Amino acid sequence: MESTEKYTSDEMMSIAAARQLRNNQICFIGIGLPSKAANLARRLHAPDLIMIYESGTLGAKPTRLPLSIGDGELADTADSIVSVPEIFNYLLQPGRIDIGFLGAAQIDKYANLNSTVIGDYHKPSVRLPGAGGAPEIAGAAKRVIIMLRQSAKSFVDKLPFVTSVGFGSGPGDRRRFGLTGAGPTVVITDLGLLEPDPDTKELVLTNIHSNVSVQKVIESTGWKLRIAEKLEVTEPPTATELEAIRSLVSAGE
Amino acid sequence: MAEIVSLKEAIGSLLNDGDTVALEGFTHLIPMSAGHEIIKQRFQQLTLVRLTPDLISDQLIGMGCVNKLVFSWGGNPGVGSLHRLRDAVEHDWPCPLEIDEHSHAGLTNRFVAGASGLPFAVMRGYQGTGLDTYTSTVAPISCPFTGEELRAVAAINPDLSVIHAQRADRKGNVQLWGITGIQKEAVLAGKRSLVTVEEIVDELDRRPGDVILPSWLITAVAQSSGGSRPSYASGFYQRDNDFYIAWDGISRDRQTFMSWMNENVL
C-alpha cells in the first residue's frame, strides 16, 4: 500500500536498497548507509539476513544501528566472533559471501569506487579514510551492491584514485585482475538505480525514484549517462517501510 | 615470562625514538592509555602501525610523535574524518607524515606474515587498484603450482606491539574476549610486546571465545584500568560514542586540539 506521507530522498534510497536484500543471504556490510539499509531489511522482509561486519562479527542482530563496525552491540548479538585474519582469509577470500554491500565517496561509469583521496595522491585536496575492507569485498563477494548519494561531484568521469574495482575499464578486466566475484549488480542512489550493461559493463539508469526527473539524474552524473529503453519508476515507500525506517534507533540515542 | 610493571616504566623501557610501534585493537580494546603515555614521554619520529588509526593515532600525529603511518582505514567511524591525520597529510602539520597505505586484508596479512616468521604473505587482491601502484610493500607473485598471479605483502615486525586486554593473572598470562581483531598476530609479530589490562587477578576464569596469550609470549604487562576509554572493554565499560562524535569538534581546529591535549593528556 502506497503511503500518502511525505518522505525524504535519503529514506527512499535506504528503502530501495533494503528491497534488494533477501532472507538468508550472507551479506558483508559496510558502515553508514549500507548498514542502515541492511538493518532495515532485517526489520521488514528479511529477518534472517545474515549480516557480517569486518570486525569479525558473524550473524550480528543489533537492536540499534551501530556507529562503528566494531560496536559492542554487534559483538553481543553475533552468532560468532572471529579474528580479522579469519574474516578476510577464511570467509571473504574463498567466496563464501553472497553480497558485498558498499558505500564510497565517488564512483565512475564502470562502478569503480574511490574512498581514498580527492586530488593528487601525494598532495590531496581532501584526504578520505581509505580502503578498509572494501577492495577485497568488491573483489571476492559473489556480487556487490553499491549505495551512495548521486551528484556531479560523486558520479565522476575519471576517479582520482581507484580504491575498489567494479569493472575496471570494461569487460574482461575483472578476470584480468584475478577478481573472483561477479562484481557490482546494482548501484542505488537517492535519485534512482543504475545497473551495468551486460555487454559493455557501463552503468545504465534503469529506475528513477518517483518525483525525480530524468533531467535531474543526467545533471547529477559527471559522464554522459545512458538511460535504459524501458526506464522503470521505483515504487514509493509503503507506510510499513516508512514506519520501520523511522523506528531505527542509532547507537547512543 | 612477562614482567608486570607500571605503564610509565613499560613505555619508557620498551620504546625508543624512531621505533616502529603497533597499537592494535579493532574498535574494541584500543590501547588509549598506552598511546597517551607515549605522548607524555615525548617520543618522536615513530612509525605508527594501526589498521584503523582511530582517535589515538589522531592524537599521536597531532602531537608530532609520528612521521610515518602504516594503516588501512583512517577515519572516525560513523562520524567522519580524523582531522589531525588529514591536517598532517594535507598541510604537513605539525610535521610531514609519510604514509604506507593498505586494505584491511593486506595489512592483516602483513601481521600474519610477521607473526609466522615469514618474509611475506600471499593473498588475492590489490590488482586494478591505486593501492597496487602507490604502496611499496605489495608486489606481484605467481603461484608456483597454477601460475595464478597473486599479491605478496611484506611482513611487518614492529619493534614494539601494544594491545589492551581485559585481564592478566599475576604470572602475566593475558586474557581477552569479544572482538579480538588482529591483536594476537600483532603481539606475535612484535619484537617486543606490551599488554595493558583492566585488572590483574589471581585466576583467569574462562569466557566463551576468549583468547589466552601465555606469559612467555609477552614482554611486559601493565595494569591500566579504563585504559581503552573512549573505546570499550567488553565486560567492563561501553564505547563512549558521544565522545567519538565530540572529537570531531575538538580535533578540527589546531588550537582547540592543543588545549584539549594539554588539559586532558599532558
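**Pairing, packing and contact**

Mentor: Start here: β9(B) and strand β10 (residues 149-154) of chain B pair in the antiparallel sense over five bridges. This is a predicted model, where local features need pLDDT of at least 70, side-chain atom pairs count only at pLDDT 80 or more, and totals for chains, interfaces and linings use all residues. Residues are numbered from 1 along each chain as its sequence is written, while chains are lettered from A and ligands numbered from 1 in the order in which they are written.

Trainee: What makes β9(B) and β10(B) a pair?

Mentor: Two strands pair if DSSP finds at least two bridges between them. β9(B) and β10(B) have five bridges, so they pair. In one of them, B:Ala139 has B:Ala152 of β10(B) as its partner.

Trainee: Why is β10 of chain B called a strand?

Mentor: Strands are DSSP runs of E, at least two residues long; helices are runs of H or I, at least four; both are numbered from the N terminus. β10(B) covers residues 149-154, so its length meets the strand cut-off.

Trainee: Which strands make up the open sheet, and in what order?

Mentor: The order is β8-β10-β9 in chain B, with antiparallel pairing.

Trainee: What makes β8 and β9 of chain B edge strands?

Mentor: Each pairs on one side only.

Trainee: Which helix packs on the sheet?

Mentor: Helix α5 (residues 104-116) of chain B does, touching β8, β9 and β10 of chain B. Touching means contact: C-beta atoms, placed from the backbone, lie within 7 Å.

Trainee: How many residues does each chain give to the contact between chains?

Mentor: Chain B gives 45 residues and chain A gives 42. On the side of chain B, α5(B) gives the largest share, four residues.

Notes:
Two residues are in contact if their C-beta atoms, placed from the backbone, lie within 7 Å. Axes are lines fitted to C-alpha atoms, for helices over the stretch in contact, and angles run from 0 to 180 degrees between N-to-C directions.
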